[in-house]
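Colleague: I would like to go through this model and ask what stands behind the terms. Please set each value against its definition.

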Amino acid sequence: MAMVCGNNFGRQEARDRAGSKRGFGIVEVLIAAAVLGFLYMAVLNLQGSNRDALLRIRGRDGATEVAQNLIDSLSALGVASLTDKNLPKTAEGNTNYVIPIDTITRSWLGQPGAVTNTMTVKYWAEVTVSPDANYIAKTSSKLLGTDSVEHVYAKRLDVKVFWKFKNSTQSITVSGVIR
C-alpha cells in the first residue's frame with residue numbers, strides 16, 4: 001500500500017509540473033506590458049528630442065543663410081554706398097552704424113517625425129558698419145602736387161541675426177569685409 005501511495009504522489013507531482021508549464025500567468029503579462037510601455041515612452045521622448053534638435057539646427061542654418069545674404073547684398077551695393085557720409089548719424093556720436101533689418105521668413109519642408117511638415121522661422125537682424133577711419137588709405141604725390149588723397153577701400157560688417165526658439169531668443173553673428 002505504501003507503494004501505491006508513492007506512485008499516486010509521483011503522478012500528482014508530474015501533473016502539477018505539467019500544469020505550471022502551460023502558459024503565462026496574468027502577473028507575467030502585466031509586467032511585460034508595463035516594461036513595453038516604459039520602452040515606448042522612452043522612444044517617444046527620444047523622437048521629441050530629435051525633433052527639437054532638428055528645429056534648432058534648421059534655425060541656425062537659416063540664420064547663417066540670412067546673414068550671408070545680407071553681407072552679399074551690401075557687397076553688391078559697393079563700399080561707396082556705406083561711407084560715413086552716406087550713413088545716418090547717431091545721437092551719441094557713435095562711430096559704428098547699426099542698420100536694423102525687418103523680419104525675414106524662411107520655410108523648409110522637413111520630417112521631424114513620421115509626418116512631413118513645413119517648418120517656418122522668422123528672423124530679424126542688425127547690421128553694424130565699421131567707421132571709415134578703420135579702412136582709409138592715404139596717398140600723396142609730389143609729382144602731382146597733392147599732399148594726400150584719402151579713400152575708403154573696405155568696410156567691416158557685423159551681421160547679428162535673431163530668432164525665437166522655445167520661448168528664448170537665439171542669435172548668431174557673422175562678420176565680413178566688403179571692398
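Modeller: I start with the largest nonpolar core, which has 26 residues; Tyr123 and Val161 touch the most other members. H2, S1, strand S2 (117–129), strand S5 (155–165) and strand S6 (168–178) each supply at least two residues of this core. H2 gives the most, with 7 residues.

Colleague: What makes a set of residues a nonpolar core?

Modeller: The set must consist of buried Ala, Val, Leu, Ile, Met, Phe, Trp, Tyr and Cys residues joined through side-chain atoms within 4.5 Å. Buried means under 20% relative accessible area, exposed means over 50%, and partly exposed lies in between (1.4 Å probe, protein chains only). In soluble globular proteins, nonpolar side chains tend to be buried together.

Colleague: Which residues does Val161 touch, leaving out those up to four places away in sequence?

Modeller: Val161 touches Ala63, Val66, Ala67, Tyr123, Trp124, Ala125, Gln170, Ser171 and Ile172. A contact here means heavy atoms within 4.5 Å.

Colleague: What should I know about the source of the model?

Modeller: The model is predicted: local features need pLDDT of at least 70, side-chain atom pairs count only at pLDDT 80 or more, and totals for chains, interfaces and linings use all residues. Residues are numbered from 1 along each chain as its sequence is written, and side-chain values use heavy atoms, with hydrogens and water left out.

Colleague: Why is the pair Arg106 and Glu65 called a salt bridge?

Modeller: The definition asks for a side-chain nitrogen of Lys or Arg within 4 Å of a carboxyl oxygen of Asp or Glu. The closest N and O atoms of Arg106 and Glu65 are 3.6 Å apart, so the pair qualifies. The pair links distant parts of the chain, with Arg106 in strand S1 (residues 97–110) and Glu65 in helix H2 (residues 26–77), 41 residues apart. Helices (H or I, at least four residues) and strands (E, at least two) are DSSP runs, numbered from the N terminus.

Colleague: How many salt bridges does a search of the whole structure find?

Modeller: The search finds 2. Asp158 also forms one with Arg156, where the closest N and O atoms are 3.1 Å apart. Asp158 counts as partly exposed at 21% relative accessibility, and Arg156 does at 37%.
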